[in-house]
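Try each one before reading its solution.

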Amino acid sequence: MRACKLLVASLMVVCGCVGSIGDTEGVPGRSSLPPEGSAELDVSFACDPSAAPVPTGLRRLSKAQLGHSVRDALAMLVPAQAAAIAQELAQPLAAVPDDVLGGDTDYRSMVQSLGQTHVDAYYALGRAFGAALVGNATRRNALLGACATDATTANDSACIDSVIRRVGRVLFRRPLSEPEATLYRSIYDAPGLDTEALAEAMAALAMAPPFLYLIELGASVRDNGQRIYDLTPYELASRLSYHFWQSLPDEALLDAAEDGSLTTEAGYRAQVDRLFAAPKARRTTEAFYGEWLKLDAVPAMHANASRPDFAAYAGADLPSPQLRARLITDVQDLAAHYTFAVQGGTLADLFSSTASFARTSDVAALYGNVPLWDGTTAPPSHVQPERVGILSRAAMLANNQATTRPIQRGVLVLRRLLCEDIELPENMMAIMLELSDGTQTTRERITELSQAPGSTCNGCHTAINPLGFVAERFDALGRVRTSERVYAPTGELLANLPIDTRVETTLDAGPERTFDSVAQMSQAIVDSGRVQACFARHYVRFTFGRHEDLSRDGCLLENLRQHVAGAGSLSAMFKNIAFADGFKRVRKPE
Amino acid sequence: MTNLLKLNRRHFLMGSGGLALAIPTLTSLLPRKVAAQAAVQKRLVAMCTDHGGVFPSNMYPAMPGGAQSTTLYAASGNLPRHDVRFGNLSSTINGADRVISNCLRAPASRFSESLVDKMSVMTGFDITTYLGHNRGAFMGNYAANDQGVELRGIWYPTIDQVVGHASGFNLSPVRTPTINVAKHYGDGSDPAFSQALDLYLQPVQPTDRLQPLLDLIATDAQPSSRPPQRLVQRVYDHYRGLTTGAFGDAGRLSREDRDRLTRHMDFLNAIEARMGVQLECGDVPAYGDTDYTVEQLRMAVDLIAIALMCGASNVAAITVPGEQFAQDANYTNWHEQIAHNGGGPEDEADPEYQRTNYRAHQLFFAEVFVRLAEHLNVDEAPGVTFLDNSLLYWTMESGRETHTNWAQPVVTAGSAGGFFHTGRFIDYRNPQSPIASGVLFNQFLANALQSMGVAPADYNTHMARAQPEQAAAGMKGYGAVLWHPDDFWSEYDIRRDIWPERYYRDADDLLKAWAVGA
């Protein structure tokens, strides 16, 4: 009855081109790929210096930013007690709704929904913050200082005023205005030093809009007709700290805003260098790399460990519950190495590196028992010649099935590295591959089903599949293989089939080329220039929490692209965004 | 404002495996305040199990002798006549069980004949496009789906949100407009929910844990000398002051900024309103807060019953994976073997896997649906039970075949205060239709909303926002209006032959055979 029948199995292709069936990640097709030689292949951006910045509205802190901000605020306010209080606040922080991706939001910073659950969670968090901060005498004394313990009560009121202003300065990322100080002082309406009243005042500060939202009203008028304003020094400090740390400014940055040094060229540069050199910068780049490369999508490797076919497939490498996180760390270590450790590390290095970052024996085993890395010294080299670049790392290859997923691998390359705008089709047909009988390789089965000449699937899968097939040298656990083992659900080995990794495709405006390995494809991706442009686009999405606007962000994007093209370094790119013209200004929407 | 809803109670033990919970039963000890209200407090509980694919032969009883029929649509042009058939719902005793069908079976000790009389079993509610996996369709948000690509941008708040926030629905302040006990629904795993949440709320986090339910019905601790409302009011003052210029140049806020701050203030107001509600729901056992098992779902059902009866909320949603209720161990991969191979199409399904599939749903029916209905089937006022004033409905992620959403089964309990007939088996499927299509699931949802006192003019606003063209064209009901591209059922023109527009235009109408006023 239906035009496209749904078949049941663990593999899937989509026709027409499209989404997914079953409980697998959606695998989209695309409406059309740029034709060969098309100008749509973005390898550079047009810069119009006269273009007005993209308007920026009120933004709430992401869940990650909120967590970092709370913990860093505690470290500033009550350093000796910060760890214990943070532990107490872990539950209310966890209750804040996740920033869930989907639709147009492919970075968590883009998720700006606000519901009752958010405000409920903010309320609970604020109450917990206030209660914990003053919950015992040690903490109260640490927060209030000498005025809390001296013999006189004459200074109690000033003591409360002072602590409200101090906590407010940290949480609001600027000094409280007088009306704000009055408002929060009014919450503390008890005589003397009252713990409950103090906890309420602290709670209120933690629920306030200047803490939960990034409010940039700007200072002087630059172009009133377009509502463009220079950021105030404190707003600039905030923008810098959330850019580099995903958190609020530390005392040094607040001080630089207060004493004016942040508005000097030298002072600004010194702060940028300091912020990027701080350990907190790595959590930001980790968040970016993780989202860019979709590391969250690495499945729970051990989930099917009890299935006979998967157990037989994995053999001695049966995943433990910890393996997934270790594989993600492996990729994050590689990215961090070329971002921070290697002077002048480049984007190209990510795609050509043969260094190994396996810290544990189970990861090392997947890599052919490569020597372990100690996490600090120079990493050893991979022992397998196939391990070239980030695309050859297990986290980018592995799933928890007994068969590879070339379509998912291909879609990742297209979407995240080449910025192919793969659109979901209007009409959808989805086909799941039947369980293998052992007569065909995964590649052969997918090709037969998705690339039949003249079929509706063919248009998309001709572009998607080769980018996945070329990685068939790696099995479903990311191990190098020379043949494909096919298992029945019972765990019985049905066949051992020869693999074919040779593909013909094009990644740039040139003619089709032949690739036989991930290493070759990775080099071609870099040579195409597209990954550099795509990287710049993704970073703008991540750090500004919005999609790039090619007409208004052209200068910024081109600047970033040039920093990661050629010999440009990753560290220079991450830092350089703070020197882009628009970084110090805000354009307010009507 | 303080509103004290007091629930005195007598305990009875109900449970298994050593688990027992005391919940209220006796009419004479139930809250006078609720009973004394001039208007009836209604309650809505929506339930959904994953996948579906329970074949009609296992899901439904045979249409009884003496069944009636009434015409929904006369034949018109090439459109066939459409009648609804219905008859009395009856049960038999088989061993220790009371049985309506293979799937609708529960221990007779709990599943009383009285409850059967308060149920309806219905088939023939269709969603006219392809959703595949979905997480909110059972309550009207079709956007959160995996395969219905075109629907993803057409989000409607789920009806628990609509009801929970309808003016005049909660006759007394509640702690939460909705209770959300869910593995999938509303868990934020889809932007369709995130967007819907911009307007509507789920104060009890979608939870697969018990603690939020326990918190919901917990008796307030010793009242503080510092009323918490005051803190919320001061925080509110800061948000409001931003919009009025008390704390800076409000002129630099955009319209969108102001809307956002206003929304935040609305949510603060909701928190403040909740603070006025004090409950005395009785002694609640201290459960461990671990992931739901079937045992703990029983506890969750008990806690929901308490919450509904003592006024913590008047709306609840429950969803669980079918596999959670598996009674057989004949599979290694539930999704592939049971939900797909066992869930259809009917002429291709593995009979053994179909049995495993319907038995899992049967256990949900017995342990969740019946358990909750029986808990609520105690007097709220003389001669009228909580259940009588409620609408409990259970449907599935898919209909008679996994991944398709036509012929959705709907099992109800309660008459929503006399709004619906009960004790009926109602078949809206049209044998004259090439795919035995029925009426729209949107119409079912619209009827559910109306039974809770939500007027069409109120819920129609969501179509006006989400699908203005369809609203302007006179489409009604609740939920997205979308026909699947015609080639899905390659032999038919869906618009003309299967679900012509008249079904949508009439989707606010009360359902004949089910609604009393139809």
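**Exercise 1: a residue in its surroundings**

In this predicted model, A:Val119 lies in helix α4 (residues 116-133) of chain A. Work out whether A:Val119 is buried or exposed, and which residues beyond its sequence neighbours it is in contact with.

Solution. Start with the accessibility: A:Val119 has a relative accessibility of 1%. Buried means under 20%, so A:Val119 counts as buried. Next, set aside the neighbours within four places in sequence; A:Val119 then contacts A:Leu114 as well as B:His264, B:Phe267, B:Leu268 and B:Ile271. Finally, look at A:Val96, 23 residues apart from A:Val119 along the chain: their C-alpha atoms are separated by 8.6 Å.

**Exercise 2: α13 and α15**

Describe how helix α13 (residues 280-292) and helix α15 (residues 323-341) of chain A pack.

Solution. First take the geometry: the angle is about 125°, and the axes are 10 Å apart. That angle makes α13(A) oblique to α15(A). The crossing is right-handed. Then list the contact residues: α13(A) brings A:Ala281, A:Arg282, A:Thr285, A:Glu286, A:Tyr289 and A:Gly290, while α15(A) brings A:Gln332, A:Asp333, A:Ala335, A:Ala336, A:Thr339 and A:Phe340. Sorted by class, this contact has five nonpolar, four polar and three charged residues.

**Exercise 3: α10 and α13**

Now do the packing of helix α10 (residues 233-245) of chain A and α13(A).

Solution. Here the angle is about 65°, with the axes 7 Å apart, which makes α10(A) roughly perpendicular to α13(A). A:His243, A:Phe244 and A:Trp245 of α10(A) meet A:Lys280, A:Ala281, A:Arg283 and A:Thr284 of α13(A). By class, that gives three nonpolar, two polar and two charged residues.

Key:
Residues are numbered from 1 along each chain as its sequence is written. Chains are lettered from A and ligands numbered from 1 in the order in which they are written. This is a predicted model: local features need pLDDT of at least 70, side-chain atom pairs count only at pLDDT 80 or more; totals for chains, interfaces and linings use all residues. Side-chain values use heavy atoms; hydrogens and water are left out. Helices (H or I, at least four residues) and strands (E, at least two) are DSSP runs, numbered from the N terminus. Buried means under 20% relative accessible area, exposed over 50%, partly exposed in between (1.4 Å probe, protein chains only). Contact means heavy atoms within 4.5 Å. Axes are lines fitted to C-alpha atoms, for helices over the stretch in contact, and angles run from 0 to 180 degrees between N-to-C directions. Angles under 35 degrees count as roughly parallel, over 145 as roughly antiparallel, 65 to 115 as roughly perpendicular and the rest as oblique. A crossing is left-handed if the near helix is turned anticlockwise from the far one by less than a right angle, and right-handed if clockwise. Ala, Val, Leu, Ile, Met, Phe, Trp, Tyr, Cys and Pro count as nonpolar, Asp, Glu, Lys and Arg as charged, and the others, Gly among them, as polar.
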